[in-house]
Amino acid sequence: MTDTDRVRRRLRAERERIAALRDRDVAEHVEQDDQQAGSSELSSLDQHPGDMATETVEREKDQSVLEHVDASLADMDDAIARLDAGTYGLCERGGDHPVGDERLEALPAARYCVTHQAEVEQEQAAARQ
Ligand SMILES: [Zn+2]
């Protein structure tokens, strides 16, 4: 069976790495926003509409990256909580069968076995439509 201490260390290390990236990213954006707020009144007249559209797309991209990062952090917190609860390694759908050692090796924070992961993704895709 899985060595829980090793998994815990791995999850914590990965979590810290992602949290650091996230903090740096957020800090950079706050700085950029401050600069833009200061300069926008002067430069808005000669700004091309194309530049503004590009900026909007960039912001939406940043937002979705941030959401993805937040989801990863939540997955890792949940995985650590499952380690504490003794349910780590069990598929969250059903809870009576393992996620699979190989899958956990590749994705320590995986919630579902391969079969149920596909099922959950299908349901999420259907819910978005
Ligand atoms: Zn499953």
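Colleague: What should I know before reading the values?

Modeller: This is a predicted model, where local features need pLDDT of at least 70, side-chain atom pairs count only at pLDDT 80 or more, and totals for chains, interfaces and linings use all residues. Residues are numbered from 1 along each chain as its sequence is written, and side-chain values use heavy atoms, with hydrogens and water left out.

Colleague: How many helices and strands does the protein have?

Modeller: Helices (H or I, at least four residues) and strands (E, at least two) are DSSP runs, numbered from the N terminus. The protein has four helices and zero strands. Along the sequence the pattern reads α-α-α-α.

Colleague: How is empty space found?

Modeller: Rolling a probe the size of a water molecule over the atoms shows where empty space is left. Here a pocket is an open set of points on a 1 Å grid over the protein atoms alone, where a 1.4 Å probe fits, with protein on both sides within 12 Å along at least five of seven lines; lining residues have an atom within 4 Å of a point. Points are joined across faces, edges and corners, and a volume is the space filled by probe spheres set on them.

Colleague: What is the volume of the largest pocket?

Modeller: About 620 Å³. Its lining has 20 residues, and A71, D75, A109, R111 and Q117 are the closest to its centre. At least two lining residues come from each of α1 (4–43), α2 (49–85), α3 (101–106) and α4 (114–128).

Colleague: Why does the largest pocket lie between the domains?

Modeller: Domain 1 (1–85) and domain 2 (89–129) both give residues to its lining, so the largest pocket lies between them. Those bounds come from an automatic or database domain assignment.

Colleague: Which residues lie nearest the centre of the second largest pocket?

Modeller: H29, Q32, D33, R59 and D62, out of twelve lining residues. This second pocket holds about 280 Å³. α1 and α2 each supply at least two of its lining residues.

Colleague: And the nonpolar core?

Modeller: In soluble globular proteins, nonpolar side chains tend to be buried together. A nonpolar core is a set of buried (under 20% relative accessible area, 1.4 Å probe, protein chains only) Ala, Val, Leu, Ile, Met, Phe, Trp, Tyr and Cys residues joined through side-chain atoms within 4.5 Å. The largest one here has 19 residues, with L11 and Y88 making the most contacts inside it. α2 gives the largest share of this core, six residues.

Colleague: Which residues does L11 touch?

Modeller: Contact means heavy atoms within 4.5 Å. Leaving out residues up to four places away in sequence, L11 touches M76, A79, I80, L83, Y88, P108 and A109.

Methods:
Buried means under 20% relative accessible area, exposed over 50%, partly exposed in between (1.4 Å probe, protein chains only).
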